[in-house]
Amino acid sequence: MKSKSMSRYLLITFLSLFSVSCLFILLNKTFGLEPRFEKRTEKDDTTYKFRLTGIVSSYVNRLYVDPERIKTVEMLKEALSWEERVIPEVLTDFTENTNTETVTVDDVSKTYDLSKIRRSKDMVEILQDSLTFINTYRQTNEATTANDIEYTAINGMLTQLDPHSIILPPKEFNEFKIGTTGKFGGLGMVVGLRDGILTVISPIEGTPAVRAGMKAGDKIIEIDGESTINMNLTESVGKLRGDPGTEVVLSVLTEKAAQPKQVTLKREIIAIPTVESASLDNGLGYIKIRNFQDDTSQCLNEHLKRLKTTNNKIKGLIIDLRNNSGGLLDQAIEVADKFLDKGPIVVTVGPSGHPREIQESRKTDTDEDPYPIVVLVDAGSASGAEIVAGALKENNRAVITGDRSFGKGSVQQLIELMDGSALKLTIAKYLTPLFTDIQSVGITPDIKLIPVTATKDNINLFRGIVALREEDLKQHLDEHPKGETPFATIKYFLETKEKEKTEEPEEEAGDPYKLPDFNTDFHVLFAKKLLLNTTSSEREAFLQNSLSIIDETTRAEEEKIANALQKLDINWSAGAGAGTLKSTVSYSTSPANGKARAGEKITLTVSVANTGEVPLYQLRGISSSKNGLFDKLEFIMGKIDKGAAKSYSTTVEIPKNSLDREDEVSIKFEELNHNNPKDIKLNILTEALPRPLFAYSYQILDNAKNSPKNNGDGLIQTGEDIDLLVFVKNVGDGPAEKNVVTLKNLSNKEIFIKNGRAEIGLLNPGEMKEVKLSFFVKETLSSDKFNMDMIVTDSIFGTFLSNKLTFPITPNKNKLTQTSSILKIGRNHTPLYSGMSFNSTILSMMKEGTILISDAKNPDWFRITLPDNRHGWISAKEAVESNGAENKPSTLEPFMQRTPPTIALSKSLSNILFGNDRLPLSAVIEDDVCVKHAYILINNDKVYYKSNKTATPKEQTRLEINTDVPLKEGPNVVTIVARDDQDMITIKSFVATRAITVAKGP
């Protein structure tokens, strides 16, 4: 797999993850600790002081919610560990018995004595010195600045505190502010990328986009004359936004239109909808709160007024907080207060549990009448949504329905820093009105709703919805595992459509502002039944009034589930009996050896024979495994009469990109009357498919006849229409099935990409195919060069190649003289160039005696005719005109300009999939020119680095790894990364498992 710079992608990934985490925010502009702290520029990188680390540390010491979690040595170690992940040549090594940390940058090392750390100031001094050392000796990289290094280190520090304390660099902070204010200057449409093209997902009513006739599916080809082809989404959105009153010109391609049209729009203040509503039948209302922004409370008031106008009076209300990830604290409090006339709303506690502040509800003339309320929550309901749900529940005001919420019981303060970034720091925890700590537990619904599916390929009776919650996040605050028991639990039948084999995958994005279908959404339908069955606004009375609805719904859904199972020949009836209890279990796999090849299927069959005197009822087996593919599989048997046997099979499709690994699978059985058969264990070996690996060459074609500026010299001048011919070769061991070549502009709008995406199709090992991309160089370009990123991606394996291309702008060359001559090459290894310059790319390295045909020349160059109306160029000094009889041109061997290194393990993977505490690892890395360095990651932690910089030129084509690396208990993803002198990267990964119990067959 390939990349220009892996650090760039890691950094983007980390920052992207931070920006979308669900957080509960107190927005503050807080004073800076260092008033003279100024913004840095890239020019300052070599003398950068890394002062921000000290400022952040000071805020942490003064404000952090749990001082006992501030462990300075661990924070330092994690900060440096994060540097390893974004700078390839950095490796840190902590020696526990000597309490020292060694930081190595390529072949230069520095050791720090961590035993001297007594306070945060000591840690900061070591960290600042370490970052200065890293910044001094690291390789220059345009994608990673000293600012990036500091932000990375700070985020590493903060991850040791909790998952929500982070630093937002200026760009991410600006985006975050838009998310909390809900307003910005823009056009009013949701956009996304489809096949690399900026596409309208949903125009927002009442905005310039709607008034201009923009519709879902429209493709935005240009923004103010700049091509959007392969422009990333953040960059595109930034260009669409701007100051209110300013104009933007879009080139839009509508459905079925042959040519794009020009659309001019004037930007306005766009308010992101935070609240939506709908009037339901029988006087019921529906309110959807997506998040808590500056105007959420005000918007809620407006929507409630609309509902009252429509219905005269609200007889019951559904408040939908599903997938509401939080927002501003004051807005969540105001929303809850709207429905309460007395009682606490939320209790916040500061560092070490004090001071304690209680936010009380206030009775006002604008409070809502006491009508029944049902609040819908799920695992995506976090922070502010949990405050509202908890306040209404514990003040006896609403019935909570759905699934257990996310469980984030902490509050973050946003502190603006002097360089334009912001520190988001956990400064408090919040409790519900009855002083319930929901951290890592969440709000337990009064009525829990669990979806059940029952199709031939998917039975889900017991595992429910698998969702990420606070308790799953690394370093989450101390959990309180004792949760409430719901008043009632209902399993409902969720009808799902069986996928046809030929069915295409669904389009990934829909309208984010679309309300649920009120005719099919079970949560809404059930909430309506509850509201229509009561007149009480008090939760406890409401729940008692709901018993009949709960029983009725439970029976109806159980019948639906039983009928669905019966269609699958599973008897799910209940019963009991007296007598001897005995059963035997067995299993089998297909393939019979339990070995599954990636891209294929493996079938697990479990058989239970009832050798006792009473039937077994509602028998099921549930699997557990460290591999998610085999975890929580359900083996549903149902009723097995005495003397009978039943089998159940489930088939798992192994993704084609699966790594080599071996996994233990345990199956635990449960029966309605606790007559549980004995558990069984088995092992499944996954064999990875051979991976593709991409090499490439390219050629500039400037011979388009319909372009008056093109002169056909194979070089780029301003005003030319350029075709970029790209040759992609699979130099790996396995086929690449779905491959795309994309071209991304890294310079400015003077380079206009016309066609920046082309599909290669199937590419077998050793096979080469060509694709053509195109762009236009505007005459207004003043620079003497420009940059583009070319990316080749295989969507099956995730294999990719990314390389920055720098194209020079050259003056017009002398005019050519037309000729017709036969040339002969006088020596081996003579290069054939793609343009009339020694700086252009090489198309072929020719042998002595190669015959060429020239159709034009000047004093220094011959132009060579090639197939498909292409040309190459050879220096006049390297060829002689031939008068011989031989005039048939020789077949030229293509020259691969960019070839990645290869990685070969010295031992078969089957011998190293299991290990003890350490894994012996030997590999040979080879490249056609130079192996720059290699390193090893274990679960994304760098454990080994080796540079090749001191090798002789002859030795630099090869680098050997002989080491043993530590393994953690359970599965470990082992990744070897090799980079060559052209920043081409190859990655080889597999899974090695430590301390596994190898199961024996039955």
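In this tour, Lys and Arg count as positive and Asp and Glu as negative, while His and the chain ends are not counted. The place of a charge is taken as NZ of Lys, CZ of Arg, CG of Asp or CD of Glu. The model is predicted, so local features need pLDDT of at least 70 and side-chain atom pairs count only at pLDDT 80 or more, whereas totals for chains, interfaces and linings use all residues. Residues are numbered from 1 along each chain as its sequence is written, and side-chain values use heavy atoms, with hydrogens and water left out.

**The whole chain**

Begin with the entire chain in view. With the charges placed as above, the chain has 123 positive and 137 negative side chains, and the centres of these two sets are 1 Å apart.

Now colour the chain by secondary structure. It contains 14 helices and 57 strands; these are DSSP runs numbered from the N terminus, with helices being H or I of at least four residues and strands being E of at least two. The radius of gyration is 33 Å, close to the 30 Å of the globule rule for 1002 residues, so the chain is as compact as a globular protein of that length. That radius is taken over C-alpha atoms, and the rule is 2.2 Å times the number of residues to the power 0.38. Along the principal axes, the C-alpha atoms fill a box of roughly 105 × 75 × 70 Å.

Switch to a surface display. The chain exposes about 45800 Å², of which carbon and sulfur atoms supply 48%; accessible areas come from the Shrake-Rupley method with a 1.4 Å probe, and for residues only the protein chains shown count as cover. Of the 1002 residues, 53% count as buried (buried means under 20% relative accessible area, exposed over 50%, partly exposed in between, with a 1.4 Å probe and protein chains only). Among contacts with a separation of 6 or more, 71% are between residues 24 or more positions apart (contact means heavy atoms within 4.5 Å).

**Stop 1: Ser381**

Select Ser381, in the loop between β20 (373-377) and α11 (384-394). Is Ser381 buried or exposed? Ser381 counts as buried, at 0% relative accessibility. The side chain of Ser381 reaches the backbone oxygen of Leu321 at 2.7 Å. This is a polar contact, that is, a pair of N or O atoms within 3.5 Å; within protein, one must be able to donate a hydrogen and the other to accept it, and residues adjacent in sequence count only if both atoms are side-chain atoms. Leaving aside neighbours within four places in sequence, the residues in contact with Ser381 include Arg322, Glu386 and Phe406.

**Stop 2: Asp789**

Next, select Asp789 in strand β41 (residues 785-794). Asp789 is buried, with a relative accessible area of 1%.

**Stop 3: helix α12**

Select residues 522-532, helix α12, where eight of the eleven residues are buried. Among the buried ones are Phe522, Phe526 and Leu530. Which residue caps the N-terminal end of α12? Asp521 does, with a side-chain oxygen 3.0 Å from the backbone nitrogen of His523.

**Stop 4: backbone geometry**

Most residues other than glycine have a negative phi, and most peptide bonds are trans. Select Ser590 and Pro591: the peptide bond from Ser590 to Pro591 is cis, with omega near 5°. Pro591 lies in the loop between β27 (583-590) and β28 (595-597).

Two residues show a positive phi. Asp569, in the loop between α14 (547-566) and β27, has a phi near 65° and is exposed, with a relative accessible area of 54%. Asn940, in the loop between β53 (931-938) and β54 (941-947), has a phi near 75° and counts as exposed at 55% relative accessibility.

**Stop 5: two exposed loop residues**

Select His829, in the loop between β43 (817-825) and β44 (830-833). At 58% relative accessibility, His829 counts as exposed. Beyond its neighbours within four places in sequence, His829 is in contact with Met845 and Met846. The C-alpha atoms of His829 and Pro163 are separated by 57 Å.

Finish at Asp457, in the loop between β24 (447-455) and β25 (458-460). Asp457 counts as exposed, at 63% relative accessibility, and its C-alpha is 46 Å from that of Lys239.
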